[in-house]
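Visitor: Could you give me a close look at one part of this molecule, the side chains that meet one another? I would like to know where each of them sits.

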Amino acid sequence: MAKTGKGTRRSVSPLVFVIALVYAVISLYPLIWVILQSFKTESQFLNSIWSLPTSFNFSNFVTAFDKGHLSLYLKNTVVNTVSTLVVELVLILLAGFAFSKLKMKFKKFFFYMILINMLIPTPIILLPMYLQVVNLGIQNTLPAIVFPYFQGFAPLGLILIKNYMDNIPDEIIEAAKIDGCSTPGILFKIICPLVKPMLVTLAILGGMGAWNEYMWALVSISDTAKYPLSVGIAILRDQISTLGYTPVFAALTIGAMVFVVIYLMAQKTFVRSITEGAVKG
């Protein structure tokens, strides 16, 4: 055990370090490989998929945007993701506050009914959801994308934020009520600042799900001008014979790196809030 000026710090076992290093290499290698291919010329890629690029070739990104319509798909994905996050954060925040701090009948029953959604495989409900979208006349619209995304993420988000709110002492809320604070005031003036780290985590998790969603977007959208990035990349892949492989890797790099950068910026907040929200204190 190595001592420091502020206390003691346990040294990491060499075996644990090696295992963690191997796991990190296995996890990161596919992403690194895709990024490297995106900077190659088509001839370099076809000659050897394992070699390093001889120079940083940005023409693949230009091709992906100009001929692959990546800018349109990227815009659609940003709109879908931001809209989904607004709906998810607002509704999950309200539901988490209700289930954690408010008194109401059958609270546990409704809570577990929502959690049952986690046990239903997505492919099973694709057809019923699609028929609902068609019957409501909202196919190829933003609500057809946003609310199914929210329905899929709501159980996990509710578990995390409810457990996080359970760690907030009820005495704080009682004191606010004595001071004349209303229920909405307690939520937005007291609870929201305290759960901000968890909201950041929910934004990352929910945003990643909405950003990378493929199956439901392919089912619910028939207008190619409204396809998100995930479906757009699949279309770009089908044009390999004319555009080549490397523009597809450039599109994959853009799609992957957005949330990699966001996660790295909010890593400490993400890990801390997941740890605090996973177990009720």
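Guide: Here is a walk from the whole chain to its charged pairs, then to one helix and the aromatic rings.

A few ground rules come first. This is a predicted model, in which local features need pLDDT of at least 70 and side-chain atom pairs count only at pLDDT 80 or more, while totals for chains, interfaces and linings use all residues. Residues are numbered from 1 along each chain as its sequence is written, and side-chain values use heavy atoms, with hydrogens and water left out.

Let's start with the overall picture. The protein chain has 15 helices and two strands; these are DSSP runs numbered from the N terminus, with helices (H or I) of at least four residues and strands (E) of at least two. Its C-alpha trace spans about 70 × 65 × 30 Å along the principal axes. Of the 281 residues, 38% count as buried, where buried means under 20% relative accessible area, exposed means over 50% and partly exposed is in between (1.4 Å probe, protein chains only). Among contacts (heavy atoms within 4.5 Å) with a separation of 6 or more, residues 24 or more positions apart account for 73%.

Now to the charged side chains. Side chains of opposite charge can pair when their charged atoms come close. A salt bridge here is a side-chain nitrogen of Lys or Arg within 4 Å of a carboxyl oxygen of Asp or Glu, and a search of the whole structure finds three.

One of them joins Asp170 and Lys101, at 2.8 Å from N to O. This pair links distant parts of the chain, with Asp170 in helix H8 (residues 170–178) and Lys101 in helix H4 (residues 70–101), 69 residues apart.

Another joins Lys162 and Asp166, with N and O 3.0 Å apart. Both residues belong to helix H7 (residues 142–166) and are four residues apart, about one turn of the helix. An α-helix has 3.6 residues a turn, so residues three or four places apart point the same way. Lys162 is buried, with a relative accessible area of 15%, and Asp166 is buried with 15% as well.

The salt bridge of Asp238 with Arg237 has its closest N and O atoms 3.6 Å apart. Asp238 is exposed, at 57% relative accessible area, and Arg237 is partly exposed, at 46%.

Next comes helix H3. In this helix (residues 59–66), Asn60, Phe61 and Ala64 are buried. Seen down the axis of H3, the buried residues fall within an arc of 100 degrees, so they line one face of the helix; the arc is taken over the directions from the helix axis to the C-beta atoms. They pack against helix H1 (14–38), H4, helix H12 (229–237) and helix H14 (246–265).

Phe61 leads us to the aromatic rings. Rings of Phe, Tyr and Trp (its six-membered ring) pair if their centres lie within 6.5 Å; planes under 30 degrees apart count as stacked, over 60 as edge-to-face and the rest as tilted. The whole structure holds 12 aromatic pairs. In one of these, the rings of Phe39 and Phe61 have centres 5.5 Å apart and planes at 50 degrees, so the pair is tilted. Phe39 lies in the loop between H1 and helix H2 (42–47) and Phe61 in helix H3, so the pair ties together parts 22 residues apart in sequence. Both Phe39 and Phe61 are buried.

Trp211 and Phe259 make an edge-to-face pair, 5.8 Å centre to centre with 65 degrees between the planes. Trp211 is in helix H10 (residues 196–212) and Phe259 in helix H14, so this pair ties together parts 48 residues apart in sequence. Trp211 is buried at 8% relative accessible area, and Phe259 is buried at 11%. There is also an aromatic cluster, formed by Trp33, Phe45, Trp50, Tyr245 and Phe249.

One last stop in helix H14 is Ala251. Ala251 is buried, with a relative accessible area of 0%. Leaving aside residues up to four places away in sequence, Ala251 touches Leu70, Ile233 and Leu236.
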